Amino acid sequence: MGQIHFEVPSSAQSLFDQTRWSEAYICGIEGIPWQCQVKYQAPRLTLSRAIHSSGKLHLVCPVGDLGPRTLSTCSLRESPEPYSLFVELARGCCYRAQNQADIWRRAGLTLDKQFDQLVRQGVQRFLDSVRDRDRKGSPPEAALEAIEFFERAIDRLGDSYTTQSIAFRKRQEPRIGTMVAASVLPPGPTSETSRDAFKQTFNAAMVRLNWGDIENDHGRYDFDAAKQSIDWCIENGLRVVGGPLIDFRTRLMPHWLYVLEDNFETLLTAIIQFAEQTVKELKGKVHLWNCASGLNTQGPIRLDDEQAMRIAVGILQTVRRLDPGTPAIMSFDQPFGEYLSRERNGISPLHFADALARSGLGMAGLGLDLRYHYRDDHTDPRSVVDFSLMIDRWSTLGLPLMVHMGVPGGSGIDPNATAPSDTNLPAASGTDGGTQQSEIAVPLLKALLAKHCVHAIVWDGWSDAEPHVNSHSGLLDVGGKPRPLLSFLQQLRQDYLC
């Protein structure tokens, strides 16, 4: 079993306790996590894998007032001697900041003096940390300061990239054709105030067609609420994304499914029948079918690679056969693949998508589902640069992307969430959840708008005052009051969108 060890100075114990060290993982050159066993026995953190290979450590760590962020080392070989944890994280930050800046500069990006100054300060403190490393028990202040300098530089780099890329797109397309939507649960949006705000903000809507809501009893379908939502969207000139037809999460699947979990063929038949009935009922009203989401992760029923692929192919074939004129996509949960570090037999999202893209089934695009700052089924927090590079990696499959993203704007019990999950917003004194939602989401949304390969952006949840899927994800709070992110999206539509 391959092992990589890291030493945590006793003086940094309180900071280390705030990291998500139990969820740390190692990944290889492809950026796909290996399944890891993580053990901490002070002062040593050990990650074990089934293979012997070099790799990069990924660890969610608080970074000053920037909040929690996924940091990574450079590629490290196995060694019986431990690496200094924070020194290696600082080295990784230095590499990411300077390497990506060099690549984008060569492509024509202009960087300001503040970026260069932050990098210089980071390099100086990193060199100090390397010098201090050999003094046993020395505090890691220099490494921690270097990490913060580099991460602030990376934020400046990301901001420069998105600002200049959007400006370039605007010169090419006076009105950018990206589809920007919010997801709604039928029959929403319901109130007139909510509907007016929705029309001012979005040029499309994703109407969720949850299997558990439509086929609450096996063999009995109720599409009335879905048709109500879709008809309202069409009447108001909004393009409609229908789906996902199957969202492979426990609370979004039918309650009667447990009777089929031991018979895969019967389960597959039930899924295909639901897809057939849905397409027949809504054909001609939906502009884009989102066939399924989350088949790459472990849902309420354990599936192996072959079974997950058979479900994906079965749904896609059904939709294409019954409605060949409407584009159909497949969505993938947690596209960074963090869950692979905890699941021995997990399916790589990128490899799964690549297999479907090569299948010749006529898939029109790929969906990426990201939920930030939740405790379950979440994507780890990352810089805009790392987020942008992930989008670029997925774009190499040669298909348009639809990114479905959510960030909570509050905490506590959410009575209207159908798939509630505890939120995990970073602690910020004097900052409410709505403000944090905006601060986290705005840089990521700008990065998506900068990408030609991203054809659709979907915000995961419209209003917490109406039934929705994820806890506190709405742009309107439980009282129907707008959160700050709503005004940004309205301005974005006014300034950039068709």
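**Exercise 1. Determine how many aromatic pairs the whole structure holds, and classify the pair of Trp-21 and Tyr-40.**

Solution. The model is predicted, and local features need pLDDT of at least 70, side-chain atom pairs count only at pLDDT 80 or more, and totals for chains, interfaces and linings use all residues. Residues are numbered from 1 along each chain as its sequence is written, and side-chain values use heavy atoms, with hydrogens and water left out.

Step 1. Trp-21 belongs to the loop between helix H1 (13–18) and S2, whereas Tyr-40 belongs to strand S3 (residues 37–41); the two are 19 residues apart. Helices (H or I, at least four residues) and strands (E, at least two) are DSSP runs, numbered from the N terminus.

Step 2. Trp-21 is partly exposed at 25% relative accessibility, while Tyr-40 is buried at 19% (buried is under 20% relative accessible area, exposed over 50%, partly exposed in between, with a 1.4 Å probe and protein chains only).

**Exercise 2. Describe the open sheet formed by three strands.**

Solution. Step 1. The strand order is S2-S5-S6, with antiparallel pairing; two strands pair if DSSP finds at least two bridges between them.

Step 1. S2 (25–27) and S6 (68–72) each have a single partner strand, so one side of each lacks a neighbour in the sheet.

Step 2. Three bridges pair S2 with S5 (residues 56–62); Ile-26 has Leu-57 as its bridge partner in S5. Five bridges join S5 to S6, and Cys-61 has Arg-69 as its partner in S6.

Step 3. In the hairpin of S5 and S6, five residues lie between the strands, and Gly-64 takes a positive phi near 50°. Of the five residues of S6, four are buried.

**Exercise 3. Identify the residues with the most contacts inside the largest nonpolar core.**

Solution. Step 1. A nonpolar core is a set of buried Ala, Val, Leu, Ile, Met, Phe, Trp, Tyr and Cys residues joined through side-chain atoms within 4.5 Å.

Step 1. The largest such core has 101 residues, and Ile-315, Ile-391, Trp-394 and Trp-462 have the most contacts inside it. Helix H8 (residues 264–282) gives the most to this core, with 10 residues.

Terms used. Phe/Tyr/Trp six-rings, centres within 6.5 Å; stacked < 30°, edge-to-face > 60°.
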